[in-house]
Amino acid sequence: MQQTGSIADLIQLGPWERVPAVQQPDWRDHPAYDEACRALAEAPPLVTAAEVRRLREALPGALVLQLGDCAESFYECTPRHTSEKLKTIDWLGDRFSELTGRSVVRVGRMAGQFAKPRSAATEWYDAVRIPSFRGHMINSDIATSETRKANPRRMVWAYEASDQVQRVMRTYRQGDRPTAMPEGPWSSHEALVIDYESRLIRRDPDTDELYLGSTHLPWVGERTRQPDEAHIAMLSSVVNPVGCKVGPKAKPDDILRVCEVLDPRREPGRLVLIARMGRDRILEALPPIVSRVAAAGHQAVWLSDPMHGNTVKLPTGLKTRYLADVITEAVRFRDILDAAGQEAAGLHIEVAADDEVTECIGGPVVDEEELQRHYTSLCDPRLNRHQAAELIEAWARGTTSGHA
Ligand code: PEP
Ligand code: CO
């Protein structure tokens, strides 16, 4: 067989690939690694530069609803599953629009949301310590030591699954129009796996600029937003709108540095900041960050993720969230942005397309016992459609009444 060079000789590495990156799978010595990277580098982009530009133009001043699974499943990328998800997004987007009298830009956590950062590298299962599930792009959700090994071929499978979903989304967005609807639905995911995202950076044929071809709106998570490390540097090199999660421990200076790297030119529609602080911690933590970002001249699209700071682990080991906490954080977020004279641009939430889902407590799910009924999330607990509608109604009313 012909001797092939290392992947670094064959593919141009981004400068950020020589910088530390946390939360990466350890798979560079896997026999399939080079071939998987090459396949991605040679593949067509999953989204077009024109679509990315259209979303960037739609974002400034818009009301935004970003939602979907915590972790997407390879097994739920069929046209049927995708249609169900898009119907849920539209149903909630229409409700949001009806209640606020504004048009709503819809963004799915879908068509690429296959990689999860984890606080613990391993977990106990049946008295055996096994690697944690890291999303279908990295390993299997099936709990054995073997199936939890990181497999770089999964990057190619993730590409193919994303492609299936993107095709359905494109048809939905386009209808029979020549250009896509500014309201979307657009795709988004956490840009976590540097090997995957880096191989899908492409050049916009019209402007010659680099854009990330894996999704319309990539975001960087709370655990990977170090301003001098690979994730932020990678997203700084592309022109997509880019998101960054902002947790309760974030210091205004840290976020300012991230903003400076991602948005040096202070461009409208470029930077999406997603506060995920927790019902109580948001009160102290968010106001100084909002005012510093505004004073530095960034025209950030501020979204509230009222889910990730409100996760609780029950004695059974099951993770859940109380809808009342979620609503309280979202309404507090609105109040904080209002008080700072900034716009609260919308919500980033984890929602299941399946109405039967019982993963969060509140509304139709009355207590902890009900959680056993239909808990199917691969990762974090999602709201069902009714719970998400309650949240949107509370946001539109601007009060937690009945929930505080
Ligand atoms: C997520 O959005 O699923 C997630 C892991 O978020 P965060 O980075 O905010 O913890
Ligand atoms: Co999550």
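## A hairpin and a ligand shell

In this predicted model, Trp 124 has Arg 129 of strand 4 as its bridge partner. Strand 3 (residues 122-125) runs antiparallel to strand 4 (residues 128-131), and four bridges pair them; strands here are DSSP E runs of at least two residues, numbered from the N terminus, and pairing needs at least two DSSP bridges. The two strands make a hairpin with two residues between them. In that turn, Asp 126 has a positive phi of about 50 degrees.

Now to the ligand. Around ligand 1 sit Cys 70, Arg 109, Lys 116, Pro 117, Trp 219, Gly 221, Glu 222, Arg 223, Lys 245, Arg 276, His 308 and Glu 350, where a neighbour has a heavy atom within 4 Å. By class, this shell holds seven charged, two polar and three nonpolar residues, with Asp, Glu, Lys and Arg counted as charged and Gly among the polar ones.

| Side chain | Distance to a ligand 1 oxygen |
|---|---|
| Lys 245 | 2.8 Å |
| Arg 276 | 2.6 Å |
| His 308 | 2.9 Å |

On its own, ligand 1 has 300 Å² of accessible area, and the protein covers 97% of it (Shrake-Rupley, 1.4 Å probe).

A few notes on conventions: residues are numbered from 1 along each chain as its sequence is written, while chains are lettered from A and ligands numbered from 1 in written order. Local features need pLDDT of at least 70, side-chain atom pairs need 80 or more, and totals for chains, interfaces and linings use all residues, while side-chain values use heavy atoms, without hydrogens and water.

Note on methods. Polar contact = N/O pair within 3.5 Å; in protein donor to acceptor, adjacent residues only side chain to side chain.
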